[in-house]
Amino acid sequence: MDMFSKLTHLFQQALETREPPVNLLDSFMDHWKGITNYYIETTGQTRPVKQTDIPWRLKQMLDILVYEEAQQGQEEMGPCMEYFLQHKLLETLCTLGKAQYPPGMNQQVLVFFSKILVQIQKPMLHILNVYRPVQKLVRLCGLPGSQTEKEEAQFMFVVCSRVKQDPYVLNYILEDNHSKRSISTSEDTEKGRSGETVSSNYPTASNPASTSSPQQHSPTDSPSTIFPANAGLIHVLVHLSRSQKSRVALKAFESLLLLVSIPKEDTAVCLAESTPLCQLLAERLCELFSQLPATLEPADIQSFPQTHWNVPFSQSGMQESQSFPGSEHMENFFAWLDFLDHLMREAPKSLAVKLAKEIHHCWLVGVLQHELLQMSEMGVLVNTALLCCSVRHIQSPAMVEELVSFLLGRQTQSEQRLDTESHVLRYQLIEHCDHISDEISITTLLLFEALLQKPHRDILFNLVLRNLENRCYLTRTLGGGDDCRHFTDTDPVEENEELEEDPFFTDMYGEDEFNSSERLLHRPQLIREHLFKLYTVVLFCSFLCLVPQEAKTSQHVQGARYETYVHDAHEQFKECTAFLLDWDWPESLKPTELSVSSSDFFEGHFLKVLFDRIGRILEQPYELNLQVTSVLSRLAVFPHPHLHEYLLDPYIILAPGARSLFSVLIRVIGELMQRIEVIPNFTEKLVHVRRQLMGLDGESGVDHMPLLKGVIILEEFCKELAAIAFVKLPRHEQQCNQI
């Protein structure tokens with residue numbers, strides 16, 4: 001019985017025996033003491049840190065902090081975290097990392113800091129004993145010859161991610177005299193409150209901005225006192241973006257994107273006005289531009305594809321990248337340009353404008369302007385091609401604004417024929433469209449074509465519209481108007497007699513519609529419809545019938561009729577129309593003023609050069625003619641009433657000395673007719689050359705090749721203008737969609 005009682009007692013004791021609870025704080029302190037004891041007990045050893053127990057102890061400390069946070073409430077701080085902060089463990093670790101003892105300690109510290117900021121969910125960067133060591137560790141990153149770029153890039157990315165989540169903590173990461181004074185004050189205050197625990201400074205995750213304490217700056221302070229001017233963080237990120245290690249550079253790019261895409265306006269103002277962010281980014285662009293070799297081929301530049309900023313970091317991008325002398329430098333430059341453009345699209349407006357102005361000052365004016373105005377033809381050619389490629393890459397509204405200001409200026413008055421000094425670069429670029437070097441002319445025309453594709457109102461106004469505002473290209477009547485009347489401006493009843501006597505109009509629509517003049521008099525809408533039909537046919541046929549029959553080749557080659565241009569013209573028209581939402585263009589022609597003398601009309605330097613070029617279409621190289629007609633057709637597509645009238649209306653009565661696109665083409669046709677008479681078998685030779693251009697016939701020697709190619713371009717240009725005129729007529733838009 002006694003034996004049974006003893007066994008029962010033993011079993012009961014065994015059941016009641018429990019493992020003593022693990023004290024997290026003791027364990028945490030033991031691991032930290034293990035790290036500090038290493039430095040006390042070992043001196044002068046060169047054993048790498050990975051061969052010690054320091055990495056393991058740091059991991060255990062991190063796991064304890066993460067576990068403790070998971071067990072605590074949202075507003076509570078555990079004893080381990082209190083110990084961690086009160087004893088400034090991060091400060092000590094930062095010092096150990098800076099000393100690089102044992103070797104590789106800096107890497108372990110960077111990894112530990114990164115994991116702390118990622119795995120601890122509650123905000124921390126506003127706490128003095130956190131942001132102070134973070135600041136110090138940031139200053140240890142990006143040093144020359146660093147062996148820890150990977151860890152540095154990850155650490156910076158984590159810091160920027162935390163700032164993105166809580167923008168108000170940016171002022172705790174950047175440093176300046178204001179922040180140092182404020183920090184010093186908060187530190188003194190903290191020392192005066194030594195009886196309190198650090199937990200009073202630990203904010204809740206739900207409302208971090210409301211937890212102001214002596215250790216943190218109030219988010220409501222003005223940016224000039226909150227935000228610092230010295231941006232160690234920015235310098236490090238720009239430095240890491242230069243890394244030869246693609247993953248490191250990509251992390252730096254992504255970190256900069258996180259930083260500038262913070263939507264808070266005061267943060268944007270801080271980055272724009274109180275840090276060297278914009279200056280450093282623009283200077284990097286200038287540096288990459290200066291590395292482009294002067295021996296680049298213009299053809300390679302023009303064919304260079306649109307480069308997205310992250311393409312150089314992808315395997316597919318590396319495989320698909322072009323290879324020619326200087327291609328790597330071009331890829332680096334345009335990838336950085338695209339990155340800056342992407343930054344400006346993502347950033348708040350104030351920051352985007354600041355960065356665009358810095359690029360304008362530093363690169364466009366500081367570097368590129370001199371290159372475009374130099375005397376060397378090869379230098380002008382290469383830099384114009386680079387500028388053209390840059391224009392194609394730029395999409396952000398802020399940068400397009402600065403680009404327009406740089407290239408065209410801000411003048412709003414009509415141009416004067418002898419004015420070449422108001423904006424020297426603009427005048428020189430336009431003159432380069434008529435340069436003695438055909439390559440420079442073609443490249444500069446490509447530049448203006450790329451510029452005309454930007455959705456910016458001032459581009460077309462500066463180049464063309466400001467000279468057409470008063471319609472001085474028209475002959476004035478005594479009444480102060482012009483004597484070119486359109487169906488949109490005239491009273492249909494007043495036009496009735498002219499319609500009845502017009503045999504062409506009667507033949508087109510049949511006599512039944514004109515049996516009753518009384519019916520027309522009482523139905524003005526019907527009159528307008530007839531006038532519109534007449535105007536449509538006249539406008540459309542004027543360009544199609546401009547080229548004489550013996551100079552036409554379309555009927556001899558399949559698929560070369562006018563309809564082939566309608567679809568493309570309609571697509572361009574829709575694209576241009578989409579620009580007009582904010583452009584506030586008039587819907588009808590502006591009444592002419594008698595006070596404005598027609599003799600004062602000057603079409604402007606840009607149209608003058610284009611008209612001069614189109615007037616020499618029969619003697620210019622084929623490629624140059626293609627580019628001239630491409631720019632003119634782009635202008636003709638825009639649905640501004642004055643531009644439409646000046647470029648596409650063949651029957652306006654021009655003022656003395658004025659010329660329009662149609663009048664220039666008429667002179668070209670007159671010259672063509674004279675030259676046709678002295679060339680035997682002209683049509684046969686023309687068809688043969690056209691088939692050669694289409695790859696249907698082999699090359700063979702043909703006399704008058706420039707002339708024959710010029711005639712082909714002329715015919716195609718007239719068909720394109722007819723198609724543009726067709727799609728711009730509002731009643732035919734549905735037909736265009738079907739085509």
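## Charges over rings

A charge sits over a ring if NZ of Lys or CZ of Arg is within 6 Å of the ring centre and within 35 degrees of the ring normal. In this predicted model, the charged end of lysine 251 meets that description: lysine 251 sits over the ring of phenylalanine 157, 4.0 Å from the ring centre.

A further case involves lysine 709, which lies over the face of tyrosine 622. Here the distance to the ring centre is 5.7 Å.

## Aromatic pairs

Searching the whole structure gives 28 aromatic pairs. One of them joins phenylalanine 28 and tyrosine 83.

Phenylalanine 28 belongs to helix H2 (residues 24–41) and tyrosine 83 to helix H4 (residues 79–86), so the pair ties together parts that are 55 residues apart in sequence. Are the two residues buried or exposed? Phenylalanine 28 is buried, because its relative accessible area is 0%. Tyrosine 83 also counts as buried, at 13% relative accessibility, because the cut-off for buried is under 20%.

## An aromatic cluster

Phe289, Phe304, Phe324, Phe333, Phe334 and Trp363 together make up one aromatic cluster.

## Arginine 471

Where is arginine 471 found? Arginine 471 is in the loop that runs between helix H24 (457–463) and helix H25 (496–501). With a relative accessible area of 3%, arginine 471 is buried. The side chain of arginine 471 is joined to that of glutamate 645 by a polar contact of 2.8 Å.

Terms used:
Residues numbered from 1 in each chain as written. Predicted model: local features only at pLDDT ≥ 70, side-chain atom pairs only at ≥ 80, totals over all residues. Heavy atoms only, no water. Phe/Tyr/Trp six-rings, centres within 6.5 Å; stacked < 30°, edge-to-face > 60°. Helix = DSSP H or I, 4+ residues; strand = E, 2+ residues; numbered from the N terminus. Buried < 20%, exposed > 50% of the residue type's maximum accessible area, 1.4 Å probe, protein only. Polar contact = N/O pair within 3.5 Å; in protein donor to acceptor, adjacent residues only side chain to side chain.
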